[in-house]
Amino acid sequence: MRVLLIGANGYIGRFVADRLLADPAVQLTALGRGDDADVRFDLATGSPGALTRFLDAVHPGVVVNCAGAIRGGARELTRHNTVAVATVCEALRRSGCGARLVQIGCSSEYGPSQPGSSTAEDAVPRPGGPYGVSKLAATELVLGSGLDAVVLRVFSPAGPGTPAGSPLGRLAEAMRRAMQSGDGELKLGGLGVQRDFVDVRDVARAVHAASLSAAQGVINIGSGRAVRLRDAAAVLARVAGYGGALHELDAPPGPLRSAIGHPRADTEHAGPVAYPYPDGCGSWQQADVRTARDRLGWRPRINLEESLADIWMEAACRI
């Protein structure tokens, strides 16, 4: 099976590449903007015609799109998450390769959920920010393209390679600094948020399974269990061997904020340094993963403690 992987150098894409390369039946070609891609091509600025000519030359049986942006303004997110997918869909429609498309979506497309609920694929999407809107628009383009296509809506990925700017990445970095300075207490904020964390290696397994399947439409990829960030912090402290006290700061007034590992401040004059939780999904998200089990034969294998241990190992090695 010849697979064209777009975005092989991204957080999820690196693990998808490793998973596909481990399959002796897969012949992998990487397309991206970096110098180490097999073929350099920028989906946000390249034309569908140019991509069509490449598809006709390589003739892949599957195209996996892991490319996209998670930060930036609305225009940048739209260019990299929506216009780029429009280019892929149009090129595949024009090409004679007949490739199947596996598109990586995200749980931010759903927006906030009712606490205690599990979000299934038939939930009405109500994204809470420009990132979720740009990814939902991409999903709608894929679903309306007429292609043989599946969208994997990935919930909160965790594990090795977790970006340092993500909530779990910031949590690990704050703990590393506390241990390095011998600080016996760590003040954290925004720990009441609950998310469905899924290991990035399990996500890669889901992509592999989707590439081989005939499933179409949207499929959730998550653990099926919401975890409070406060509990994740306690697990991280245990695997890190941090014996200090974890103090949770009261949330500042206004919209839900995450203020993990901010510096001490005079709280009489200024509130904690706060960052919006990046997905616009409110206080709760939990995936209904029955479709992935039934249509892909996929279940998560790696528990959150192992994912956090790998995040800590990378954080501890930073200078």
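1. An α-helix has 3.6 residues a turn, so residues three or four places apart point the same way. Both Arg176 and Glu173 are buried (under 20% relative accessible area; exposed is over 50%, partly exposed in between, with a 1.4 Å probe and protein chains only).

2. A word on the source: this is a predicted model, in which local features need pLDDT of at least 70 and side-chain atom pairs count only at pLDDT 80 or more, while totals for chains, interfaces and linings use all residues. Residues are numbered from 1 along each chain as its sequence is written, and side-chain values use heavy atoms, leaving out hydrogens and water.

3. The structure holds 13 salt bridges. One of them joins Arg100 to Asp148, with the closest N and O atoms 2.7 Å apart. This pair links distant parts of the chain, 48 residues apart: Arg100 is in strand E5 (residues 100-106), and Asp148 is in the loop between helix H4 (130-143) and strand E6 (149-154). Helices (H or I, at least four residues) and strands (E, at least two) are DSSP runs, numbered from the N terminus. Arg100 counts as buried at 4% relative accessibility, whereas Asp148 counts as partly exposed at 33%.

4. Now look at helix H6 (residues 200-212): 11 of its 13 residues are buried, so the rest of the structure largely encloses it.

Technical notes. A salt bridge is a side-chain nitrogen of Lys or Arg within 4 Å of a carboxyl oxygen of Asp or Glu.
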